[in-house]
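Dear colleague,

My notes on what was found in it follow directly after.

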Amino acid sequence: MKIHEYQAKDVLKKFGVAIPRGYLAVTPLEAEGAARQLGGGIVAVKAQIHAGGRGKGGGVKLARSPDEARQHAEAMLGMMLKTPQTRPEGQQVRKVYIEEGCRIAQEMYLGMTLDRETGRLTVMASAQGGVDIEEVAARTPEKILKERIDPLTGLLAFQARRLAFLLGLTGESVGAFVRFAMGLHNAYLATDASLAEVNPLVVTVSGEVIALDAKLNFDDNALYRHPDLAAMRDPDEEDPRENQARGHDLSYIALEGDIGCMVNGAGLAMATMDIIKLSGGRPANFLDVGGGADEERVTAAFKILLSDPQVKAVLVNIFGGIMKCDVIANGIVAAAKQVGLSIPLVVRLEGTNVELGQEILAHSELKIVAADDLGDAARKAVAAARAAPARGSA
């Protein structure tokens, strides 16, 4: 789960992480009032969406007066902000964050996440702050500093000091960086985060180390332990199909392809997407109906797939173990009839009750393309998607 910048800063502040003062605003007048509360000087007006690169899209502006802050907020609120991390149509701005300005001496990057190669939480830092860290990692990976954290000891002060020295910090800024890094680490652990990122992390002319931006992502599987964090979810920032899937206990992630996938089991779902790509196609989603799904959940999953206007063909790949093939077949038939299926449907069933499932589909009067194995199913789905017209066209 992702949260907004202003929410992330509220969380980090509880762990001693230094942040500038700021106020949330949902109207231009509130933005003007927030700027006055911050002293009437220079403030940053920052669009609040779940995407990076806001500044490049016009989502971060400096205002030198409360009146200018109101003008910037008026221009931002309601706009469709486009960044490299949003959907092509952009993301609507519904709130802005008004933050006090500061005199910056140096911009850096600091982040923490799990390194799956080592199985260790890893701290990443770079003197190249304020830019897309992905570009830095791709073009000059040597500029990304890393400290791997022992799970028994956590982040140690000497590791944070070593990073500070490698970043070129001196004097009191070293101690401030150590306190900042330790606070960020403590917040990561205490909230069951999957990513904690500050970009830019700035050193002011007076030697303070503060978070000029902040990003926190949380492990969905641990949110039951953090009802306060779960309450920060913003459905407006999430794909509506993903929200709908969550209500049916389905694992769904929207992608950019045109072949809808419905699979039981996360591993099989990943393999299905890989085979589609290998066959020259593009999966439109990740969708795992789970091992114990019933007909109702399968019907809901099918409706979610077909609600994506980009989907030109659907591939159902089921290995019946706990999930029986006849249950899947009944769900497919029920959903297809309810939504009025008009696009190609490729089905590969294998496992428990496969003969019964195939019989149900054969007598359904639906135009279903049967597949012998996964490779055959992927090739047929790719061919069907290429031959199908765009949704909504004649």
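Among contacts between residues at least 6 apart in sequence, 69% join residues at least 24 apart. The model is a predicted one, and the values that follow were computed from it. The protein contains 13 helices and 18 strands. Its C-alpha trace spans about 75 × 50 × 40 Å along the principal axes, and 49% of its 394 residues count as buried.

In soluble globular proteins, nonpolar side chains tend to be buried together. The largest nonpolar core here has 43 residues, of which Leu110, Leu169, Phe177, Phe180, Leu201, Leu216 and Phe218 touch the most other members. Among the elements that give two or more residues to this core are helix 1 (5–13), strand 7 (104–115), helix 5 (157–166), helix 6 (172–190) and strand 10 (193–204). Helix 6 contributes the most, with nine residues. Leu169, leaving aside its neighbours within four places in sequence, is in contact with Gln106, Met108, Ala164, Val174, Phe177 and Val203. Another core, of 31 residues, lies apart from this one and includes Val298, Val314, Ala329 and Ile343.

Helix 10 runs over residues 295–306; at 1.5 Å a residue its twelve residues should span 16 Å, and the C-alpha atoms at its ends are 17 Å apart, which agrees.

How do helix 10 and helix 11 (residues 325–339) cross? Their axes come within 8 Å and meet at roughly 45 degrees. Angles under 35 degrees would count as roughly parallel and those of 65 to 115 as roughly perpendicular, and helix 10 and helix 11 are therefore oblique to each other. The crossing of the two helices is right-handed. On the helix 10 side the residues involved are Glu295, Val298, Thr299, Phe302, Lys303 and Leu306, and those they meet in helix 11 include Val327, Ile328, Gly331, Ala335 and Val339. An α-helix has 3.6 residues a turn, so residues three or four places apart point the same way.

With its neighbours within four places in sequence left aside, Ile98 is in contact with residues including Arg21, Tyr23, Ala31, Leu38 and Val45. Ile98 and Val298 are 200 residues apart along the chain, and their C-alpha atoms are separated by 45 Å.

Finally, some backbone features deserve a check on your side. Most residues other than glycine have a negative phi, and most peptide bonds are trans.

- A cis peptide bond, with omega about 10 degrees, joins Asn199 and Pro200; Pro200 is placed in strand 10.
- Asp249, which is not a glycine, has a positive phi of about 60 degrees. Asp249 is found in the loop between helix 8 (240–247) and strand 13 (251–254), and counts as exposed because its relative accessibility is 56%.
- Asn353 also has a positive phi, near 60 degrees. Asn353 lies in the loop between strand 17 (345–351) and helix 12 (354–362); with a relative accessible area of 31%, Asn353 is partly exposed.

With kind regards

Terms used: Residues are numbered from 1 along each chain as its sequence is written. This is a predicted model: local features need pLDDT of at least 70, side-chain atom pairs count only at pLDDT 80 or more; totals for chains, interfaces and linings use all residues. Side-chain values use heavy atoms; hydrogens and water are left out. Helices (H or I, at least four residues) and strands (E, at least two) are DSSP runs, numbered from the N terminus. The expected span of a helix is 1.5 Å times one less than its number of residues. A nonpolar core is a set of buried Ala, Val, Leu, Ile, Met, Phe, Trp, Tyr and Cys residues joined through side-chain atoms within 4.5 Å. Buried means under 20% relative accessible area, exposed over 50%, partly exposed in between (1.4 Å probe, protein chains only). Contact means heavy atoms within 4.5 Å. Axes are lines fitted to C-alpha atoms, for helices over the stretch in contact, and angles run from 0 to 180 degrees between N-to-C directions. Angles under 35 degrees count as roughly parallel, over 145 as roughly antiparallel, 65 to 115 as roughly perpendicular and the rest as oblique. A crossing is left-handed if the near helix is turned anticlockwise from the far one by less than a right angle, and right-handed if clockwise.
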